[in-house]
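Hi,

Here is the structure I promised to pass on. Have a look at it first, then read my notes below.

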Amino acid sequence: MTHAPRMIDPTTPSATSYPETPRTTLQRMPARGTYDRAVVHAILDEALVCHMGFVQDGVPFVIPTTFVRDGEMLYVHGAVASRTLKLLASGAPIGVTVTLVDGLVLARTAFHHSMNYRSVVILGRARELWDPAEKRRIFAKLVDKVSPGRAAKVREPNDKELRATSLLAIPLVEVSAKVRTGMPKAEDDAADAVAPVWAGVVPLRLMAAPAKAENEDAEQYMLPRLPAWA
Ligand SMILES: Cc1cc2nc3c(=O)[nH]c(=O)nc-3n(C[C@H](O)[C@H](O)[C@H](O)COP(=O)(O)OP(=O)(O)OC[C@H]3O[C@@H](n4cnc5c(N)ncnc54)[C@H](O)[C@@H]3O)c2cc1C
């Protein structure tokens, strides 16, 4: 069954959800889709890595990188020499995906194997930020994302480091999320449904292992209030 796209102006603001656009309308399994800002924000805040997709000279690249969300903006950074960031700063269209894998879904037939997941797709264009104070603020958020409270403890970037680092902002305007939860789908054949093979879900979680110090003489590393993923 096809799901007719709703023609909505992507600039129409809504307090609770992103507008569904022709480009973000889920055709496959639309029941798993959501445009809820809170769901999208939670996925973005939990994930450590995003993948930036763009086309350069006819070649589709998908480049992984770290990121942080602040309000309705997603920030990525890197060396000023970065080919990817230079292209994106020029206004090239970008598609960003963020994926959290929550479980392995093991069915009684090969066909119904799946994964539980939460993912986000963002379509848009980036713009470069130049204001040193704004760059420092976002870099502090990037540090705090991986270790809350750490930005206040470490030296902040100096002018030279700021100049060496590009910071791009991608507005959260055209955004979709997709979430799969639960057990394997019911098998189509009655014989498959009672096959004597283990079926169910193996939950997966990203966890921090005990920290290894580089400078044993420095203060003990106290595990801060951990992000949701740990
Ligand atoms: C960990 C993981 C494993 C997956 N494994 C498979 C697999 O093995 N086979 C498979 O077919 N699919 C898999 N999916 C789902 C896959 O991401 C697509 O949703 C699906 O393949 C439909 O693709 P489509 O191009 O037909 O999407 P459409 O439904 O045509 O996409 C239209 C729009 O819907 C939105 N959208 C689509 N997919 C997603 C998504 N995942 N997250 C957020 N927004 C989305 C985007 O805005 C997109 O532009 C997996 C997803 C995850 C996260």
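Residue numbers start from 1 along each chain, following the sequence as written. Please keep in mind that this is a predicted model, where local features need pLDDT of at least 70 and side-chain atom pairs count only at pLDDT 80 or more, while totals for chains, interfaces and linings use all residues.

Now the ligand. I call a residue near a molecule or strand if its C-beta atom, placed from the backbone, lies within 6 Å of it. There are 16 residues around the ligand, and Thr24, Gln27, Arg28, Ser119 and Lys178 come nearest. Strand S7 (114–125) is one of the strands that supply at least two residues of this shell, along with S6 (93–106) and S10 (174–180). S7 has the largest share, with five residues. By type, the shell has seven nonpolar, six polar and three charged residues. Here Ala, Val, Leu, Ile, Met, Phe, Trp, Tyr, Cys and Pro count as nonpolar, Asp, Glu, Lys and Arg as charged, and the others, Gly among them, as polar.

Two strands pair if DSSP finds at least two bridges between them. S6 and S7 run antiparallel and are joined by 12 bridges, with Leu100 having Arg118 in S7 as its bridge partner. S7 also pairs with S10 in the antiparallel sense, over seven bridges. There, Ser119 has Lys178 in S10 as its bridge partner, and both residues are among those that come nearest to the ligand.

For the chain as a whole, I count five helices and 11 strands. A residue is buried if 20 or more other C-beta atoms lie within 10 Å of its own, exposed if 12 or fewer, and partly exposed in between, with C-beta atoms placed from the backbone. Buried residues make up 18% of the 230 residues.

What about the core? A nonpolar core is a set of buried Ala, Val, Leu, Ile, Met, Phe, Trp, Tyr and Cys residues joined through C-beta atoms within 7 Å. The largest one has 28 residues, and Ile43, Val96, Val120 and Leu168 have the most contacts inside it. S6 gives the most to this core, with four residues. Two residues are in contact if their C-beta atoms, placed from the backbone, lie within 7 Å. Leaving out residues up to four places away in sequence, Val120 touches Val40, Ile43, Leu44, Thr97, Val98, Val175 and Ala177.

There is also an open sheet of four strands, in the order S4-S5-S9-S8, with antiparallel pairing. Its edge strands are S4 (68–70) and S8 (127–128), each pairing on one side only.

Most residues other than glycine have a negative phi, and most peptide bonds are trans. Met29 is not a glycine, yet has a positive phi of about 50°. Met29 sits in the segment before strand S1 (33–34) and counts as exposed because it has 10 C-beta neighbours inside 10 Å. Asp57, also not a glycine, has a positive phi of about 50°. Asp57 is in the loop between S2 (49–56) and S3 (59–66), and is exposed, with 6 other C-beta atoms within 10 Å.

Cheers
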